[in-house]
Amino acid sequence: MLSPLRNHSASPPLRLESKSLMVSATMFAVGVLGNLVAIVVLCISKKEQKENTFYTLVCGMAITDLLGTCFTSPVVIATYVANRWPGGTLLCQFFSFSMLFFGSAGMSILCAMAVERYLAINHPYFYSQHIDWTMARFASLVTYLANTVLCAMPSFGFGQHVSHFPGTWCYLNWRAMDPLGACYSFLYGGVMLVLIAVTVVCNLGGVHIAGGHEPEDQDREDGAVRPRGVAARFPRLPSVTSAAEIQMFWLMILMTIVFLVCSIPLVVRIFVNQLRDPAYILGKPDYSSDLLAIPFASFNPILDPWVYILCRKNLLLKGCERLKRVVAQVKG
């Protein structure tokens, strides 16, 4: 297997600006703060919400984003401070694995959230019988194990972890000349495409119901209240028609939009780079497009928690008020 720090390292010495260091440090701080706040907001939620399947997955997403930020951003900051890659092959492999793992794990959890919302809205009877928060925890564990196996493959010869221009980050070798390296690029990119497709299809499958959701309607003739939409189909499952269920669905939609905008450019670069003609790769690769895709991917774990926080503004305000009371008591 090629040495990670030799591949693509023919670039000139790093000339990193202090502005880049400030941007990276700010992104790191905002990402950590946002995910910590999101986790705290989930922890102070009502018991029935904390044991809700969807919010169990949301908590898993927040923890995943927090770990991803903490594992990758400090390396980037250290690179800017030292004005060179701060480690060797092992650090490169760790950074690349972290980029791959937290990208695919986050997408997998989002996909699980989309499937959960689809079943809750479109198949409430099946959902009530088979899906609960224990299942969500099990799904999160399986997701982590499966993505660990997928992303560790380059460390065992199936694919390669390599340093990329200008030497500030490592990722899979998406310009691999050997069959195994190319196969891994297509495998990882293919898995991401499948997850994206399932997520989009499940979201579209619930839009027509959630978009026209009306829990109940007043009969003009006799004054009786009659259920509509899902409630009419499953009158014994009132929770399916609650405003909280619809709020969860639209939160799912917003998180999906953020994830797709941030992740698709990097997935596209995997296929574009690997499908390029070898003569082009050996000539003058398109590093500018690569460097444009990376910031997009970096913004996802930063934006995700704030989407949730804004959607739970009332709960956040209650948490702030409680914190102020605690601080006042301590000072008093």
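Where is the place of Ser155? I found Ser155 in the loop between helix 6 (133-152) and strand 1. Helices (H or I, at least four residues) and strands (E, at least two) are DSSP runs, numbered from the N terminus.

I noted what I was looking at. This is a predicted model, in which local features need pLDDT of at least 70 and side-chain atom pairs count only at pLDDT 80 or more, while totals for chains, interfaces and linings use all residues. Residues are numbered from 1 along each chain as its sequence is written, and side-chain values use heavy atoms, with hydrogens and water left out.

**Ser155.** The cut-offs are under 20% relative accessible area for buried and over 50% for exposed, with partly exposed in between (1.4 Å probe, protein chains only). I also checked Phe97, which is 58 residues from Ser155 along the chain, and the C-alpha atoms of the two are separated by 8.5 Å.

I followed the chain to strand 1 (residues 161-164). His161 and Ser163 point one way from strand 1, Val162 and His164 point the other way, and all are buried. Strand 1 runs antiparallel to strand 2 (residues 169-172), and four bridges join them; two strands pair if DSSP finds at least two bridges between them. The two strands form a hairpin with four residues between them, and Gly167 in the turn has a positive phi of about 95 degrees. Opposite Val162 I found Tyr171 in strand 2.

**Tyr171 and the core.** Which residues touch the most other members of the largest nonpolar core? They are Met113, Tyr171 and Tyr188, in a core of 60 residues. Such a core is a set of buried Ala, Val, Leu, Ile, Met, Phe, Trp, Tyr and Cys residues joined through side-chain atoms within 4.5 Å. Helix 4 gives the most to this core, with 13 residues.

**Rings.** I counted 14 aromatic pairs in the structure. Rings of Phe, Tyr and Trp (its six-membered ring) pair if their centres lie within 6.5 Å; planes under 30 degrees apart count as stacked, over 60 as edge-to-face and the rest as tilted. Phe158 and Tyr184 form an edge-to-face pair, because their ring centres are 5.9 Å apart and their planes are at 85 degrees. Phe158 is in the loop between helix 6 and strand 1 and Tyr184 is in helix 7, so this pair ties together parts 26 residues apart in sequence. Phe158 is partly exposed at 26% relative accessible area, whereas Tyr184 is buried at 1%.
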